[in-house]
Amino acid sequence: MPRSWKWDAQVARPVEWSTSLYDGLLDQTPGRQPHLFGDLNLSRRRFVTVDDSVWKLYQKDISGLLNRYHIEWNDPPCLLPGGEDAKTRDGANRIYDEMDAFGVPRFGEPPIAIGGGVLHDVFGLVAGEYRRGVSWDFIGTTLVSAIDAMFALKCGVSAGWKNRVGLYHPARFSMTDARFFRTLEPHHIRDGFAEIVKIAVAGDSTLFRILEQHGPRVVAERFRSADDDSEEILSRSISWMMRELKRNPFEGETARASYLGHNISPGLEPTVTHGHAVALDIAWTSMIAWRRGLIGRYVRDRILYLIRSLGLDVWHPAMADTDRLAAHLSDTARHRGGHQRIPTPSRLGRVTYLDDVTTDELRRAVEDQHLWEAGDLRAYGSKEGSRR
């Protein structure tokens with residue numbers, strides 16, 4: 001009679017990561033922040049990768065920072081172009097080759113990546129695969145990376161579909177500084193604010209009110225004034241995202257409030273940038289919520305007016321291809337275990353989750369967005385509709 005044997009194992013692997021917001025990150029010294037780059041007593045060798053546009057702007061400052069810490073680094077660093085076009089296997093392989101030539105060991109010499117969200121995703125994939133995983137540090141230089149990417153666990157590249165290939169491998173230490181934002185193009189600032197709107201609508205009504213009062217000014221200033229309101233916008237956003245990720249780090253629970261704005265938005269890229277696609281997605285779910293009676297016209301219009309006040313779109317011609325949006329929504333459901341799990345506003349700072357949005361409903365919401373943009377839907381201030 002055939003026999004069989006079976007052995008089971010269950011282990012837990014701790015995952016630790018931290019993020020920091022500095023005022024004057026590139027001016028730090030070993031005397032003020034001795035552990036900025038980890039334990040340099042073990043080794044001072046560090047492989048460095050920088051977004052090439054960041055290197056052009058901050059070459060002297062980055063070199064000065066590394067040299068003050070007596071880092072033995074690959075000068076000049078490995079450079080990767082910014083933008084979604086660089087989020088490919090070819091981009092990752094360029095980093096692999098230079099990292100291997102530098103001789104990065106498995107332990108004790110965590111490499112450093114400096115740039116935006118695209119570099120974060122590509123470099124994190126490389127770090128997670130290289131020697132089956134090396135620790136790494138990240139300095140985020142864009143608002144999107146500061147609010148969304150720099151403490152995210154997931155990394156990856158696009159292969160046919162956006163972010164189709166990837167893994168979970170967070171940076172050990174991630175850092176940012178609002179001073180970086182002063183040199184960003186205005187559309188990059190608006191991209192970042194779309195992610196902040198996501199946080200405000202999904203989980204922080206106080207942040208929503210701050211954005212209504214001060215958001216347009218902070219966008220225009222690009223955080224240059226560094227006043228209390230600017231700092232609170234950043235700190236509240238980072239704090240909420242960290243709590244959200246700590247609660248569900250590997251996305252095992254697919255009902256995630258941070259998925260707000262990330263349902264049909266991949267179908268709008270790269271025609272529009274990521275942040276603008278997120279804003280359009282938030283407007284889309286707000287229309288669905290309004291039609292279903294989850295929110296009244298008052299809340300709907302507050303959300304839409306906030307999006308528009310920050311220089312983002314409520315509707316875009318790219319949304320006319322509703323078949324493409326429906327295909328991406330179907331792919332989103334496959335990624336979430338066969339369920340749509342669409343976070344939908346139920347009040348400011350709160351979402352509910354929908355699993356039954358039809359293609360007809362998708363199209364109706366897009367049409368509503370277009371009508372609202374044209375001024376043909378009843379506007380904010382009507383006596384009808386709940387203030388919820």
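## Residue R363

In which helix does R363 lie? In this predicted model, R363 belongs to helix α11, which covers residues 359-373.

When neighbours within four places in sequence are set aside, R363 contacts T322 and D323.

## The packing of α8 and α9

Helix α8 spans residues 274-291, and helix α9 spans residues 297-309. Their axes lie 10 Å apart and form an angle of about 170°. Angles over 145 degrees count as roughly antiparallel, and α8 and α9 are therefore described in this way.

On the α8 side, the contact is formed by A279, I282, A283, S286, M287 and W290. These residues meet R297, R300, I303, L304 and I307 of α9. By type, the residues of this contact comprise eight nonpolar, one polar and two charged.

## The largest nonpolar core

In soluble globular proteins, nonpolar side chains tend to be buried together. The largest nonpolar core of this model has 122 residues, and the members that touch the most others are F181, F193 and W284. Helix α8 supplies the largest share of this core, with eleven residues.

Apart from residues up to four places away in sequence, F181 touches T141, T142, L143, A146, T176, I189, R222, F223 and L234.

How values were computed:
Residues are numbered from 1 along each chain as its sequence is written. This is a predicted model: local features need pLDDT of at least 70, side-chain atom pairs count only at pLDDT 80 or more; totals for chains, interfaces and linings use all residues. Side-chain values use heavy atoms; hydrogens and water are left out. Axes are lines fitted to C-alpha atoms, for helices over the stretch in contact, and angles run from 0 to 180 degrees between N-to-C directions. Helices (H or I, at least four residues) and strands (E, at least two) are DSSP runs, numbered from the N terminus. Angles under 35 degrees count as roughly parallel, over 145 as roughly antiparallel, 65 to 115 as roughly perpendicular and the rest as oblique. Contact means heavy atoms within 4.5 Å. Ala, Val, Leu, Ile, Met, Phe, Trp, Tyr, Cys and Pro count as nonpolar, Asp, Glu, Lys and Arg as charged, and the others, Gly among them, as polar. A nonpolar core is a set of buried Ala, Val, Leu, Ile, Met, Phe, Trp, Tyr and Cys residues joined through side-chain atoms within 4.5 Å. Buried means under 20% relative accessible area, exposed over 50%, partly exposed in between (1.4 Å probe, protein chains only).
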